[in-house]
Amino acid sequence: MSAIAAIVREIWGLFVDDGSLAAGCLALTGALAAARYADLLSPPLAGLALVAGLLALLAENLRRSARRLKRRR
Amino acid sequence: MSNWAQAAPALSAAFLGGFVECVEAFTIVLAAASVRGWRVALTGAGAGVAALAALVATLGPLFTRIPLHALQGVVGVMLLLFGLRWLRKAILRAAGFIALHDETRAFARESEALRAHGQGADFVAGLAAFKGVLLEGVEVVFIVLAVGAGDGLLGPASLGALAAGLLVVALGASLRRPLSRVPENTMKLAVGVMLSAFGAFWTGEGLGVVWPGDDLAIPALAALFLAFAALASRALPRLAQTSA
């Protein structure tokens, strides 16, 4: 049973390593999907916002992770 | 029939991702073999391959039933989660914040853990080989499905992963030691870049974005993620210094 739990945990870990990055990514895509559904955002702008948002999320996450890892040393 | 410009990113992403995962699975199987013998290790690995085949046979047909638009959106978001995770780790490794992955060390750690088991050691070693093959294999299957399913490129993607698997098995069978000279960290960065590019592309398609150049936007997005990774890995040590 613990082996199955370990496998499930590891499969979850394939997608979620740092929870805040995964949550940010889901929030960004969810917000963009809602904006597209409500016709508040044109397709080209949605593409631009997606790429810019992803890079911003990753940059912020890396900065925070680097600080945390540096403190731990 | 897809042309080379369309197929190349899917094939290369699946090859690189498959190669890295197969190298890691091989290290675990080799550790199990070195502690409890090849019979135990290959039984576990064979069971892992069988479980993986059953998983693909069960889930594969489901993919064909999902409407393409929904599939692109769902696969895109999953690829983003998966790809950004790889990219984040690769950048932190390149910037020196986490240790580089080393197959020799991984082999030593795995072997030591397996030696610690007295009773039932054969079962534990077999289970380790099973788990290693299954889990690394699930990643390969996901990469193949994700980069191939959205645009009818399952053939080239499967071919890339199959070539990677065969190459690792051939190298492993001839060397019989961890494949530590493989530039795994660089390959992981490349996989992170490719998967993130595919993820952004499919998520965009799911949002109704018409990318300039259609499929050629994938290499362009990959170039953007690569440039970001290069910049971030250089700037990160300084940023951590100033904001600490």
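This is a predicted model: local features need pLDDT of at least 70, side-chain atom pairs count only at pLDDT 80 or more; totals for chains, interfaces and linings use all residues.
Residues are numbered from 1 along each chain as its sequence is written, and chains are lettered from A and ligands numbered from 1 in the order in which they are written.

Chain A has three helices and zero strands, where helices (H or I, at least four residues) and strands (E, at least two) are DSSP runs numbered from the N terminus. Along the sequence the pattern is α-α-α. Of the 73 residues in chain A, 23% are buried; a residue is buried if 20 or more other C-beta atoms lie within 10 Å of its own, exposed if 12 or fewer, and partly exposed in between, with C-beta atoms placed from the backbone.

Contact between the chains, which requires C-beta atoms placed from the backbone to lie within 7 Å, joins 33 residues of chain A to 36 residues of chain B. Each of the helices in the table supplies at least two residues of the side of chain A that touches chain B.

| Helix of chain A | Residues |
|---|---|
| H1 | 2–15 |
| H2 | 19–37 |
| H3 | 43–72 |

The largest share of that side, 17 residues, comes from H3(A). By class, the side has 22 nonpolar, four polar and seven charged residues, with Ala, Val, Leu, Ile, Met, Phe, Trp, Tyr, Cys and Pro counted as nonpolar, Asp, Glu, Lys and Arg as charged, and the others, Gly among them, as polar.

**The largest nonpolar core**

A nonpolar core is a set of buried Ala, Val, Leu, Ile, Met, Phe, Trp, Tyr and Cys residues joined through C-beta atoms within 7 Å. The largest one holds 100 residues, of which B:Val29, B:Ala32 and B:Phe198 touch the most other members. Helix H1 (residues 4–36) of chain B gives the most to this core, namely 20 residues. Neighbours within four places in sequence aside, the contacts of B:Phe198 are B:Ala13, B:Leu79, B:Gly83, B:Ala146, B:Val147 and B:Ile218.

**Helix H6 of chain B**

H6(B) has 22 residues and reaches 31 Å from its first C-alpha to its last, close to the 32 Å expected at 1.5 Å a residue, the expected span being 1.5 Å times one less than the number of residues. Its buried residues include B:Pro156, B:Ala164 and B:Val168. B:Ser174, found in this helix (residues 154–175), counts as exposed because it has 7 C-beta neighbours inside 10 Å. Just after H6(B), B:Arg176 takes a positive phi of about 55°.

Definitions and conventions. Two residues are in contact if their C-beta atoms, placed from the backbone, lie within 7 Å.
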